[in-house]
Amino acid sequence: MQRCSGDDFGVSQPTISRVIWQTITALTAPRVFHQFLKFPLTRQEVQRKQVEFMAIAGFPGVVGVIDGTHVRIVAPKDDKYAYVNRKRYHSINVQVVFDATYKILDIVAKWPGSVHDARILNESGLKMLFEDNYVPQPCHLLGDSGYPFKQWLLTPYTNRQLAGPQANYNRAHKRTRSVVERGIEQWKRRFHVLHNEVRVAPDKVCKVIYACAILHNFCKNRGIPLPDADDCDDGAE
């Protein structure tokens, strides 16, 4: 791809490579990153998110939905076994939070594929935002049963036989939390690199992931449509 781009612009492949990484580095600089991707911390922002989620299935108080997704990487030179996930391929395990409009509110891309979602959350700045009361209360995230239940993180009931309020809760929870699954699907559909094996060192893969998150939100803000589904192959979960 870089050689073809070099031919198009009349420059060498190494020049294209340098321009790509200069662009990724610029996009992921803190002043740019926080311009396009930030968690709501004012009461007005939180209430707007809650209203949007409430319209999906009547689940109150939701500010975001959280999940982990794996981005496949080539086996690194160092600690390669730490990057092998439960499906037995090398990856970065990415924690991501979406709002009801499929914009990314928070993302953590630095952990090897073998690390569990619950540990990534436990050591994240997002947890500190909630537990140190930077996020106006009452509000909460929705996550799957792989996460621990907390006052600010609601997970589904795991009983097989549910009835009444618990069954209603699980139905509304499932419909609302499905936003994060569709959000990840849209994000990876927009940036095909996230479907394939990224053939650079893990620290550079993480920069690519962050750049794709920023550009995803930029596209959402500008109303840029998704590519056709036929243009994308299934990739990492």
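Helices (H or I, at least four residues) and strands (E, at least two) are DSSP runs, numbered from the N terminus. The model is predicted, so local features need pLDDT of at least 70 and side-chain atom pairs count only at pLDDT 80 or more, while totals for chains, interfaces and linings use all residues. Residues are numbered from 1 along each chain as its sequence is written, and side-chain values use heavy atoms, with hydrogens and water left out.

**Exercise 1. Tyr102 and Asn133**

Task: Determine where Tyr102 is placed, and state whether Tyr102 counts as buried or exposed. Do likewise for the place of Asn133 and its accessibility.

Solution. 
- Step 1. Tyr102 belongs to the loop between strand 2 (91-98) and strand 3 (104-112). Its phi is near 70 degrees, a positive value in a residue other than glycine.
- Step 2. Buried means under 20% relative accessible area, exposed over 50%, and partly exposed in between (1.4 Å probe, protein chains only). Tyr102 has 17% relative accessibility and therefore counts as buried.
- Step 3. Asn133 lies in the loop between helix 6 and strand 4. Phi of Asn133 is near 65 degrees, again a positive value in a residue other than glycine.
- Step 4. Because its relative accessibility is 57%, Asn133 counts as exposed.

**Exercise 2. The surroundings of Ser124**

Task: Describe where Ser124 is found and which residues are in contact with Ser124, leaving aside its neighbours within four places in sequence.

Solution. 
- Step 1. Ser124 sits in the loop between helix 5 (117-122) and helix 6 (125-131).
- Step 2. Its relative accessibility is 6%, so Ser124 counts as buried.
- Step 3. A polar atom of the Ser124 side chain lies 2.7 Å from the backbone oxygen of Leu121.
- Step 4. Contact means heavy atoms within 4.5 Å. With neighbours within four places in sequence left aside, Ser124 is in contact with Gln95 and Val108.

**Exercise 3. Helix 4 and helix 7**

Task: Characterise the packing of helix 4 and helix 7 by axis distance and angle, and list the residues that make the contact.

Solution. 
- Step 1. Axes are lines fitted to C-alpha atoms, for helices over the stretch in contact, and angles run from 0 to 180 degrees between N-to-C directions. The axes of helix 4 (residues 43-57) and helix 7 (residues 164-190) come within 9 Å and cross at roughly 125 degrees.
- Step 2. Angles under 35 degrees count as roughly parallel, over 145 as roughly antiparallel, 65 to 115 as roughly perpendicular and the rest as oblique. Helix 4 is therefore oblique to helix 7.
- Step 3. Helix 4 contributes Phe53, Ile56 and Ala57 to the contact, and helix 7 contributes Ala172, Arg175, Thr176 and Val179.

**Exercise 4. Helix 1 and helix 2**

Task: State how the axes of helix 1 and helix 2 cross, and which residues make the contact.

Solution. 
- Step 1. The axes of helix 1 (residues 2-9) and helix 2 (residues 13-27) come within 8 Å and cross at roughly 105 degrees.
- Step 2. Helix 1 is therefore roughly perpendicular to helix 2.
- Step 3. Gln2, Arg3, Ser5 and Gly6 of helix 1 make the contact with Gln13, Ile16, Ser17 and Ile20 of helix 2.

Definitions and conventions: A polar contact is a pair of N or O atoms within 3.5 Å; within protein, one must be able to donate a hydrogen and the other to accept it, and residues adjacent in sequence count only if both atoms are side-chain atoms.
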